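Subject: Structure handover

Hi,

Here is the structure I promised to pass on. Please open it first, then read my notes below.

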Amino acid sequence: MNDFSTDVKLARKGDSEAFARLYSLVYKDLYHIALYSLRSSHDACDVVSDTVLDAFCTIGKLKDEKAFRGWIMKILSAKIKRKQREYFANTAELKDEELPEDEFDYENVELREAVERLGPQSRLILSMSALEGYTGDEIAQICGMNPATVRSRLSRIKERLRLELSGT
């Protein structure tokens with residue numbers, strides 16, 4: 001992980017170029033987690049934009065410069081959960097959007113279908129772990145959960161996928 005300290009200090013003082021450098025280090029992770037969790041490139045872009053705007057406006061409140069990545073992921077997680085609640089509040093049928101091949105690639109159709117059958121929180125936990133390499137403790141902190149709960153859920157998610165893909 002990168003040390004964001006210098007740019008965070010500058011960004012807290014209003015340096016927009018420093019914030020842009022911070023954003024350039026995390027934007028792909030933000031987008032992949034949002035896309036994987038929401039399954040819509042349009043919604044993923046919206047959520048990432050909202051996250052970056054909130055982060056830019058509130059970076060002065062970030063006390064530990066080294067915690068930037070976890071802090072912005074926590075904002076993203078809250079935005080994803082809010083968007084997912086909108087999905088359930090909307091009574092209209094939601095149409096799954098095709099994901100552009102160059103942006104995200106599933107190894108096979110069975111894996112994609114198995115992942116899509118996971119609940120929203122399970123997809124979020126799996127994406128943070130498998131795609132972006134966050135530890136159970138980091139995911140717990142970002143999502144406001146107990147680390148042991150995250151580790152056990154991640155274990156159950158992986159076992160469920162293994163069983164579904166093996167046909168058992």
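Start where helix 6 meets helix 7. On the helix 6 side, the residues are L124, I125, M128 and S129. They meet I139, I142 and C143 in helix 7. Contact here means heavy atoms within 4.5 Å. Helices are DSSP runs of H or I with at least four residues, strands are E runs of at least two, and both are numbered from the N terminus. By class, this contact has six nonpolar residues, one polar and no charged. Nonpolar covers Ala, Val, Leu, Ile, Met, Phe, Trp, Tyr, Cys and Pro; charged covers Asp, Glu, Lys and Arg; the others, Gly among them, are polar.

A word on the source. This is a predicted model, in which local features need pLDDT of at least 70 and side-chain atom pairs count only at pLDDT 80 or more, while totals for chains, interfaces and linings use all residues. Residues are numbered from 1 along each chain as its sequence is written, and side-chain values use heavy atoms, with hydrogens and water left out.

Two packed helices are described by the angle between their axes and the distance between the axes. Helix 6 spans residues 120–131 and helix 7 spans 136–143. Their axes come within 10 Å and cross at roughly 135°. Axes are lines fitted to C-alpha atoms, for helices over the stretch in contact, and angles run from 0 to 180 degrees between N-to-C directions. Helix 6 and helix 7 are therefore oblique to each other. (Under 35 degrees is roughly parallel, over 145 roughly antiparallel, 65 to 115 roughly perpendicular, and the rest oblique.) Helix 6 passes helix 7 in a right-handed crossing.

Now helix 2 and helix 3. They pack at about 145°, with axes 9 Å apart. This crossing is right-handed too. The contact divides into 14 nonpolar residues, two polar and one charged.

R39 sits in the loop between helix 2 and helix 3. Its phi is near 60°, a positive value in a residue other than glycine. R39 has 22% relative accessibility, so it counts as partly exposed. The cut-offs: buried is under 20% relative accessible area, exposed over 50%, partly exposed in between (1.4 Å probe, protein chains only).

Next, the core. Which residues have the most contacts inside the largest nonpolar core? They are F68, L76 and M128, in a core of 46 residues. Such a core is a set of buried Ala, Val, Leu, Ile, Met, Phe, Trp, Tyr and Cys residues joined through side-chain atoms within 4.5 Å. Helix 2 gives the largest share, 11 residues. Leaving out residues up to four places away in sequence, L76 touches L30, I33, A34, V47, V48 and T51.

P147 is in helix 8. It is partly exposed, at 28% relative accessible area. Its C-alpha atom is 5.0 Å from that of D137, 10 residues apart along the chain. Beyond its neighbours within four places in sequence, P147 contacts G136, D137 and A140.

Last, the whole chain. It has eight helices and zero strands. Buried residues make up 40% of its 168 residues.

Best wishes

Definitions and conventions. Left-handed = near helix turned anticlockwise from the far one by under 90°.
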